[in-house]
Amino acid sequence: MTKKMVALVTGGIGGIGSSICGELAQKGFHVVAGYHPAEEAQAQAKLKEWQAAAANIDIVSGDVASFSSCTAMAKAIQQKHGAVQVLVNCAGITRDKTLKKMTEDDWISVLNVDLNSLFNVTKQFVDGMTDAGYGRVINISSVNGKKGQFGQTNYSAAKAGVHGFTMALAQEVARKGVTVNTVSPGYTETLMTKAIPVDVSQQIVAQIPVGRMAQPEEIAYVVGFLADKRAAYITGVNISANGGLFISF
Ligand code: CAA
C-alpha cells in the first residue's frame, strides 16, 4: 500500500479550514489540522468529531504568527506524520475598524496572522517539497484583498499581499514540481462573517450576484481541485469563489 500524502491545513478547525480538511480527507489525503494553542478545547472537540466520523484528520498546535512556534509545529508533524506534500495556509483573523479607529495592535495582529504567517509556515515545508520534487501550496486570500473593503485596511492589505507571495514563490519552485496558488473566497457562512453587524451583512449580501453567502464546502472544493496531482500545470493563479461579488479578469 502506498503511503497517503500528508496535507497540513492551518486554521484547520475554523469554518473554511475544517471544510478544507474534510474535503482533502475525502480525496484520500492524510490531513493535519493546525490550530492556535489558545484553541486547545475547541481543537480536541473537533478531533473527537472527526474520529467519530472515521475521518483521516489529526490536529496539531501552532501559532502561525510566530516563526519559532511554526518551527516546533513542523518538527512535531514530521515526527508523527512524515513529510508534508500539501500545505494550505488558511489561518486568518479580522479586526474590522475604519483606519480612523484602528490601533497599531489591530494592524500588526492582522498582518502577522494573515500575511507574515505565509513566511512563517511555508518556510518550514517548501524546501522539503522542492527536494522531493513534488508539492502543493494553496494560500487562502479573500475577495476583499482584490476589491478592498470599508473597515478592513489591515485585512485587505494582508490579503492582497497573500497573492504577491503566491506569484513570487510560484516562479521560484515551478521547476521542482511544486505549484503555488491562491484561492480568494467571498463572504462565507462562518463565525467570521457572523461577527459582521446584521445590517451591514444584509447590505453586503444584497450586492452578491448569486444572492447569498458561500457555504464553506464551496470554498473547500476549489482547494481540493488545486491540491490534486492532476492540477500540475496550474500555478501562480488566484481563483475567486465569490458569488460574483467582484468580477475581474
Ligand atoms: N461605504 C461607505 N461608507 C460607509 C460604509 C461603506 N461600505 N459603511 C459605513 N459607512 C459610513 C456610515 O454610513 C457612517 O457614516 P456617517 O459617519 O456619515 O454616519 C460611517 O461610515 C461609519 O463609520 P464608523 O467608523 O463609525 O463605522 P462603524 O464603527 O459604524 O463600523 C465597521 C465600521 C466595524 C468596519 C463596520 O462597517 C463593519 O463591520 N463592516 C463590515 C466589514 C466587513 O465586510 N468585514 C468582513 C468580515 S468577513 C471577512 O473578512 C471574510 C472575507 O474574507 C470576506
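Start with tyrosine 155: one of its polar side-chain atoms sits 2.7 Å from an oxygen atom of the ligand. For threonine 98, the distance from a side-chain N or O atom to an oxygen of the ligand is 3.1 Å. A polar contact here is a pair of N or O atoms within 3.5 Å; within protein, one must be able to donate a hydrogen and the other to accept it, and residues adjacent in sequence count only if both atoms are side-chain atoms.

Before going on, this is a predicted model, so local features need pLDDT of at least 70 and side-chain atom pairs pLDDT 80 or more, while totals for chains, interfaces and linings use all residues. Residues are numbered from 1 along each chain as its sequence is written, and side-chain values use heavy atoms, with hydrogens and water left out.

Back to the ligand. How many residues surround the ligand? There are 18, and the closest are Asp96, Ser142, Gln152, Tyr155 and Tyr187. To be near, a residue needs a heavy atom within 4 Å of the molecule. By type, the shell holds eight nonpolar, eight polar and two charged residues. In that count Ala, Val, Leu, Ile, Met, Phe, Trp, Tyr, Cys and Pro are nonpolar, Asp, Glu, Lys and Arg are charged, and the others, Gly among them, are polar.

Next, helix 6. It covers residues 153–173, 21 residues, and reaches 31 Å from first C-alpha to last, close to the expected 30 Å. The expected span is 1.5 Å times one less than the number of residues. Helices (H or I, at least four residues) and strands (E, at least two) are DSSP runs, numbered from the N terminus.

The buried residues of helix 6 include Tyr155, Ala158, Lys159, Val162, Thr166 and Val173. Buried means under 20% relative accessible area, exposed over 50%, and partly exposed in between, with a 1.4 Å probe and protein chains only. Among the elements covering those buried residues are helix 4 (104–132), strand 5 (135–140) and strand 6 (178–185).

Which side chain does threonine 166 meet in a polar contact? The partner is the side chain of asparagine 139, at 2.9 Å. Threonine 166 is in helix 6 and has 0% relative accessibility, so it counts as buried. Asparagine 139 belongs to strand 5 and is also buried, at 0%. The side chain of asparagine 139 makes a polar contact of 2.8 Å with that of asparagine 89 as well. Leaving aside neighbours within four places in sequence, the contacts of asparagine 139 include Leu118, Phe165 and Val183, contact meaning heavy atoms within 4.5 Å.

Threonine 94 is in the loop between strand 4 (86–89) and helix 4, and is partly exposed at 27%. Not counting residues up to four places away in sequence, threonine 94 touches Val110, Gln152, Tyr155 and Met192. From threonine 94 to aspartate 106 is 12 residues in sequence and 8.6 Å in space, C-alpha to C-alpha.

Last item, alanine 54. Its phi is positive, about 55°, although it is not a glycine. Where is alanine 54 placed? It is in the loop between helix 2 (40–52) and strand 3 (57–61). Alanine 54 is exposed, with a relative accessible area of 69%.
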